[in-house]
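Take a look at the model below. Then follow the report on its rings and one of its strands.

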Amino acid sequence: MATEETPSDQLGRTTALRLQQLKGQLFEVALIAATLVGIVSLLVLFAQISNDAFRPGTASPAWFLIYLSTLVAPTAAFTLYARRRPAVRKTNAKAFAAVFGGLLLSLVTYAVVDSLSPYDVFIYAAFASLPPVLVLAYDRTTDDRTYTGPAVPVSMIVGTGVAAALYDLIRGPIGIAAEWIMYFGLVTVPAALLVAWLTASRRGRRAGSIVGGVVAAGGLVVAVAAIAAGVNASLPVVLFSAFVVPTSYVVVRSVRTNPEGRIGVAGPFILLGGVLLGASLAYEVKSPDTFLTPNLLLNSWDGLTASNAGVYPQIVGSVIIVGFMAVLAFPVGIGAAVYLEEYAPDTGWGGRLATLLEINISNLAGVPSVVYGLLGLALFRRTLGLGTGVVVSAAGTLGLLILPIVIVSTQEALRSVPDALRQGSYGMGASRWQTLREVVLPQAIPGTLTGTILALARAIGETAPLVIIAIATTTYSPPSGLFSSGTALPLQIFAASANAKPEFRHGVVPAAAVVLLVLMLLMNATAIVIRNKYGREN
Amino acid sequence: MSESDSAPKIQTSIETGKTDSAPPETEDVVIESRSLDVYYGDEQALDDVSMEIREREVTALIGPSGCGKSTFLRCINRMNDMIDVCRVEGDVEFSGKNVYDDNVDSVALRRKIGIVFQKPNPFPKSIRDNVAYGLKIQGFDGDVDERVEESLKEAALWDEVKDQLDSSGLDLSGGQQQRLCIARAIAPDPEVVLMDEPTSALDPVAASKIEDLIDDLAGEYTVIIVTHNMQQAARISDRTAVFLTGGRLVEYDDTATIFEDPEHQRVEDYITGKFG
Ligand SMILES: Nc1ncnc2c1ncn2[C@@H]1O[C@H](COP(=O)(O)OP(=O)(O)OP(=O)(O)O)[C@@H](O)[C@H]1O
Ligand SMILES: [Mg+2]
């Protein structure tokens, strides 16, 4: 007490300080443990599922050797090579997006259009896209552009309505045309226009029309060749327009304009070539006894023979349900968020009502999905009287389920746009709508897409609400229209997991689960690519 | 609030009645406030402010923090409309028309009275699109590129950015961004440019560039500038208004008079740094 402490004496480690440090260290260890428990259990789960799905243990070593040398080694070598060279890496990424994006787009488009009937899709697409084209053409001839903006969506809606009204009249005559012509109109024409427009913006109108003409002519040649060879021309036409055309566009453009990076276009072809080469070499060798086979992807369900069971109708059903759900829920959700964030009053009775709405919406995001199933049952089956287990009900129910997620995340994205930008725009004499369109929405797109990614991922795996609204577990063909019955992949997985035969429970189910996961990852990847593209431009 | 979504023609009468033979140094009043009171909720931010602002002159607004300078500025082009709790009483006339009249559209008004904020806020767009923004939203159908070049030259930024018009406005330095915002504000050719402490976020060199720029602009536009920098107000303005706490306009006169021989002791104390 009597001894005076100098400041340097106070620098030592007292017991209190030590205790405090110990507490901090214990807390850190606890956090690490929690993280590890979470990650390790997830990893074990995925390892288990993929082991059941791929069964690598059943393959002979030669199989591994073949794929190691044809696929893994070249791809790894190329990746290492590209890693150090940014220009190569960039073209490599572009080529990957074009090749696999194009492949995926072709297959999904073909599967969906094929199941919904190419003639119907063509009629609706034509009637929905011609009026806006006419509006835009008229817009070029006049100076008064005031109404062009609103006229475009209105004309699309009107066109769709007209198509529905005239359907019975048109369907007959259109049906005379060959099926591939529908695909030509649905895929080749837009592809040709897109490529023509892209080329024209860089190298002038003439080059644009020539390239567009070449694409259209190429589509015709492919169709004629397929017919001459005696195969159905539809899939070749789609593959040509949505896979070959974008791939060649990217390859040609990179090779022409980007001398340092041009080697990057080889990336996806090394991978594809490796797969094909491996498959041809490994023909005689014992491959793994997996259920993840073309049969699983292309057959319809067979509850008796596991090796014959496929989930093609379920995959297409899931894609159609989730796609239609997106069409229903995204405009509504994004619209609601924009209203609540940008237009709704902050004060007074209106403000209180808006706050109440917002609180309720965030609560709805947490409501169990079974409850949404009941809501969907009451709304679509009872009130609207739609048939049992039809695609619209499923899409509508899932749409309601993801609506709060879409609204909340879009609001979040709008809120993150700095107010200074809005002020700047208003100060320039922009109206509220102009500010929204020119400044706020472009800034909010990446954030909004993040929310919609979450929503899509949630929707594609939902099972309970679909069970409640009595979606069939097994149908033997994909849905033939929006009002026909369909099924979804998670439902089939759920049902098959109760199958008496172990090869279903331990073979087909994990394989189908992997398909579901891949489907989800593909959707996410698409959205992430779009988001990053927008993010970079801003 | 009447935020109209169409692109209305300006409804305020903007003819000043000035004849061609008038000398360039006219003393025409372009903006006039009459017993202007502004409240945020119950709190009064401006108290009975009456002042006349002359055409093609630089008018400086000075005064301690919170005395209502920004509020006054925002009243002129009705940026206060966006603040829910804000209530305006009294008149602000622009070319003889009360801007708070029912038949004045705030969007049309802001197309005649541009504004530059304290913190540079270029849009996340290219430099060209930033300057062309006002032209685009007003449906300008002349040569946009020419106008962009002119405005950038007027804002003394052209030489620095002429080779990178397509790169983002956010890639510029703070001072360049502020000049970009000025170019953006003058591109649609407004009558009046309001500036709220446009140099307070900038270093002295960038600030002096903007001061020179304001000097040049005064030949063509009416400039009203809020500043905390006495030297700046003295250097660039023709007339100076001193606001003091409580939102009152205490003294308003030629800049030379205010800085050399103010009428009120409090104004002199404020200018010489004795308080505020
Ligand atoms: N949006 C608002 N809501 C409520 N009160 C506000 C708002 N903006 C300003 N005020 C109040 O109005 C008064 C005047 O503010 P104003 O921003 O006009 O001052 P100023 O003179 O520009 O100050 P400074 O020099 O610090 O920028 C202040 O008391 C402020 O608290
Ligand atoms: Mg201020």
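Is B:Phe123 buried or exposed, judged by its relative accessibility? B:Phe123 counts as buried, because its relative accessibility is 0%. Buried means under 20% relative accessible area, exposed over 50%, and partly exposed in between (1.4 Å probe, protein chains only).

This is a predicted model: local features need pLDDT of at least 70, side-chain atom pairs count only at pLDDT 80 or more, and totals for chains, interfaces and linings use all residues. Residues are numbered from 1 along each chain as its sequence is written, chains are lettered from A and ligands numbered from 1 in the order in which they are written, and side-chain values use heavy atoms, without hydrogens and water.

**Ring pairs**

Rings of Phe, Tyr and Trp (its six-membered ring) pair if their centres lie within 6.5 Å; planes under 30 degrees apart are stacked, over 60 edge-to-face, and the rest tilted. The count is ten aromatic pairs over all chains. Two of them are tabulated here.

| Pair | Centre distance | Plane angle | Type |
|---|---|---|---|
| A:Trp301 and A:Phe504 | 5.7 Å | 55° | tilted |
| B:Phe123 and B:Tyr133 | 4.5 Å | 50° | tilted |

A:Trp301 is buried at 9% relative accessibility. A:Phe504 is buried too, at 0%. B:Tyr133 counts as buried at 1%.

**Strand 9 of chain B**

Strands (E, at least two residues) are DSSP runs, numbered from the N terminus. Strand 9 of chain B covers residues 239–244; six of the six are buried, so the strand is largely enclosed by the rest of the structure. B:Arg239 lies over the face of B:Tyr252, at 4.6 Å from the ring centre. Such a charge has CZ of Arg or NZ of Lys within 6 Å of the ring centre and within 35 degrees of the ring normal.

Terms used
Helices (H or I, at least four residues) and strands (E, at least two) are DSSP runs, numbered from the N terminus.
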